[in-house]
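Trainee: Could you walk me through reading burial, contacts and cores in a model like this one?

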Amino acid sequence: MLETITAIATPPGKGGVGIIRISGKDAKKIAETITKKILIPRYAIYSNFYTHDLITHTSKSIIDNGIVLYFPNPHSFTGEDVVELQGHGGPVILDILLEEVLKHGARLANPGEFSERAFLNDKIDLSQAEAIADLINAGSKQAAKAAINSLQGKFSEKINELKDLLIQLRMYVEAAIDFPEEEVDFLSDQHISLSIVEIKNQFKEIIAAAMQGQLLQEGINIVIIGKPNAGKSSLLNQLAGQDRAIVTEIAGTTRDVLKEYIQIDGLPLHIIDTAGLRETTDLVEKIGIERAYQEIEKAEYVLFIIDAIEFNKINFENLIVKWKINSKKIIFIKNKIDLVNEKPAINTTEFAEITKKTSYITISISAKTGEGIDLLKNHLKTVVGYQQQEGVFLARRRHLEALNRALALVEVGEIQLEQAKAGELLAEDLRLAQLALAEITGEFTADDLLGEIFSNFCIGK
């Protein structure tokens, strides 16, 4: 049987209430010793919390007082006996109370261990466990709603429905293989091909929804680059809705990367302002420019700001080649249109990039007056495929990787069947696709992955 674990379940710092959570076979005994009360399941009891002499088995001084809640197994969050001691939220008081619980045989819980035990005891599946951490870390209302949907099992339901379709088709294919003496060629009938089409459509719907969830969970990284005084810091301030970066007419004001977290209709953006790109002898500025290069490599989108007065003199194709930036992730910003009496606009320009045709986007704005900022925001939502909609569930990168891997297996199996009538290969690909989906909910998951997932939780959860 697993050891009894305990931890402070409330955030660090001072507060009105502080909670010590205990889970395991000795949770009730430890709590009754500290409170000198007989605990009743799911009944709130007001009590003093006492220190206890382990030699004389007598209660000594009062540590604190508050509410005690007892949840017997299996009707608790972890599926084990769980007790919560809800006292005052002073860090010193909580530490003393935690030491008392540890003294009676509990050990300090590892990060995420309460949630891990809930998963291991089949109270929640793995995607629901991850949703707990995502709910705690949600950076917007939309992300919190999506995390709640995942925690309630909506994502898991979609995965299980898809998995059932795979199992049904796999059983049909394997039955067709097992009865080759039948006159009807089951592998060539429409049932299999129609089922594969339905499964692929289901995959695409779930992947599209999961991509929305991943955007809410992770957001996108956007780097602002350009020459000194092009208006990079002014654009950051406009997007952030406040003066976060210093704006002056002196070239080289920004000498390091400046990061800001903002939201556009719930879409998280990690905006990075960089040092102006130019030749310089200033050592500190050189370091800032080198860091700008590093951020460009990691960025999902790059906003290249150019002064409107210089805009028509620029060879954009040469800039793309010089900076080795994928043209699909670069957006040229024509800034200071208020100085040349232009209106906000968005344009697409095609050009030949080595052996293929490609294009780049230009958006005309004024970072000083705010003209065109809404146009830029809407374009960013469009290029990442972000849509505000109800029923979105939060998803992680590993979920999308598993979904795409499973879909690829189904598509390979379909080709094997069409080209070689290889029912055995289709059945095996369906089996592997089923296992890939099982990784999402945790039915089939490596121990090292579990360790990685739960180690990122806070202690006490």
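Here is a short chat about a helix, a serine and the nonpolar cores.

Mentor: Ground rules: this is a predicted model, where local features need pLDDT of at least 70, side-chain atom pairs count only at pLDDT 80 or more, and totals for chains, interfaces and linings use all residues. Residues are numbered from 1 along each chain as its sequence is written, and side-chain values use heavy atoms, leaving out hydrogens and water.

Trainee: Why is helix H4 largely enclosed by the rest of the structure?

Mentor: Buried means under 20% relative accessible area (1.4 Å probe, protein chains only), and helices are DSSP runs of H or I, at least four residues, while strands are E runs of at least two, numbered from the N terminus. H4 (residues 126–136) is largely enclosed because nine of its eleven residues are buried. Among them are Leu 126, Gln 128, Glu 130 and Asp 134.

Trainee: Is Ser 47 buried or exposed?

Mentor: Buried, at 2% relative accessible area; Ser 47 sits in strand S3 (residues 45–53). Its side chain reaches the backbone oxygen of Thr 35 at 3.1 Å. Contact means heavy atoms within 4.5 Å, and beyond its neighbours within four places in sequence, Ser 47 is in contact with residues including Lys 37, Asn 65 and Val 68.

Trainee: Which residues touch the most other members of the largest nonpolar core?

Mentor: A nonpolar core is a set of buried Ala, Val, Leu, Ile, Met, Phe, Trp, Tyr and Cys residues joined through side-chain atoms within 4.5 Å. Here Leu 235 and Leu 269 do, out of 34 residues. Helix H8 (residues 232–240) supplies the largest share of this core, four residues. A second, separate core has 32 residues, including Leu 169 and Ala 427.

Note on methods
Buried means under 20% relative accessible area, exposed over 50%, partly exposed in between (1.4 Å probe, protein chains only). A polar contact is a pair of N or O atoms within 3.5 Å; within protein, one must be able to donate a hydrogen and the other to accept it, and residues adjacent in sequence count only if both atoms are side-chain atoms.
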